[in-house]
Amino acid sequence: MDIGTAIKEIRIKSLLSQADFAHEIGVSFSTVNRWENGKATPNFKTLKKIREFCSKNGIDFNVDQYISE
């Protein structure tokens, strides 16, 4: 699964709109939209925020598979 699909699944499991999810992790709505559409990928700092969001909300998210060396 690519990162955009994973982010969309996290957002849907959380019952959040793209705008609400963006607010939760401190990015813009358009950023979340670009991730979900495969036009951009989150940086390391943002991946950590997504991991923290998932941990806080009981959602499984293995960030290691999305970090490239």
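This is a predicted model: local features need pLDDT of at least 70, side-chain atom pairs count only at pLDDT 80 or more; totals for chains, interfaces and linings use all residues.
## Overall fold

The chain contains four helices and zero strands. Read from the N terminus, the order of its elements is α-α-α-α. Its radius of gyration is 11 Å, close to the 11 Å that the globule rule gives for 69 residues, so the chain is as compact as a globular protein of that length. The C-alpha trace spans about 30 × 25 × 20 Å along the principal axes.

## Surface and contacts

Buried residues make up 36% of the 69 residues in the chain. The accessible surface of the chain is about 4,600 Å², and carbon and sulfur atoms account for 46% of this surface.

Contacts can also be sorted by separation in sequence. Taking the contacts between residues at least 6 apart in sequence, 47% join residues that are at least 24 apart.

## Helices α2 and α3

Helix α2 covers residues 18-25 and helix α3 covers residues 29-36. Their axes come within 8 Å of each other and cross at roughly 110°. Angles of 65 to 115 degrees count as roughly perpendicular, and α2 and α3 are therefore roughly perpendicular to each other.

On the α2 side, the contact is made by Gln18, Ala19, Phe21, Ala22 and Ile25. On the α3 side, Phe29, Val32, Asn33, Trp35 and Glu36 take part. By type, the residues of this contact between α2 and α3 are seven nonpolar, two polar and one charged.

## Helices α1 and α3

Helix α3 also packs with helix α1, which covers residues 3-13. The axes of α1 and α3 are 7 Å apart, and the angle between these helices is about 125°. This angle makes α1 oblique to α3.

Gly4, Ile7, Lys8 and Arg11 are the α1 residues that meet α3. Their partners in α3 are Val32, Trp35 and Glu36. The residues of the contact of α1 with α3 comprise three nonpolar, one polar and three charged.

## Lysine 49

Lysine 49 lies in helix α4, which covers residues 44-56. The relative accessible area of lysine 49 is 32%, and this residue is partly exposed.

Lysine 49 and isoleucine 25 are 24 residues apart along the chain, and their C-alpha atoms are separated by 5.9 Å.

Definitions and conventions. Residues are numbered from 1 along each chain as its sequence is written. Side-chain values use heavy atoms; hydrogens and water are left out. Axes are lines fitted to C-alpha atoms, for helices over the stretch in contact, and angles run from 0 to 180 degrees between N-to-C directions. Helices (H or I, at least four residues) and strands (E, at least two) are DSSP runs, numbered from the N terminus. Angles under 35 degrees count as roughly parallel, over 145 as roughly antiparallel, 65 to 115 as roughly perpendicular and the rest as oblique. Contact means heavy atoms within 4.5 Å. Ala, Val, Leu, Ile, Met, Phe, Trp, Tyr, Cys and Pro count as nonpolar, Asp, Glu, Lys and Arg as charged, and the others, Gly among them, as polar. The radius of gyration is taken over C-alpha atoms; the globule rule is 2.2 Å times the number of residues to the power 0.38. Buried means under 20% relative accessible area, exposed over 50%, partly exposed in between (1.4 Å probe, protein chains only). Accessible areas come from the Shrake-Rupley method with a 1.4 Å probe; for residues, only the protein chains shown count as cover.
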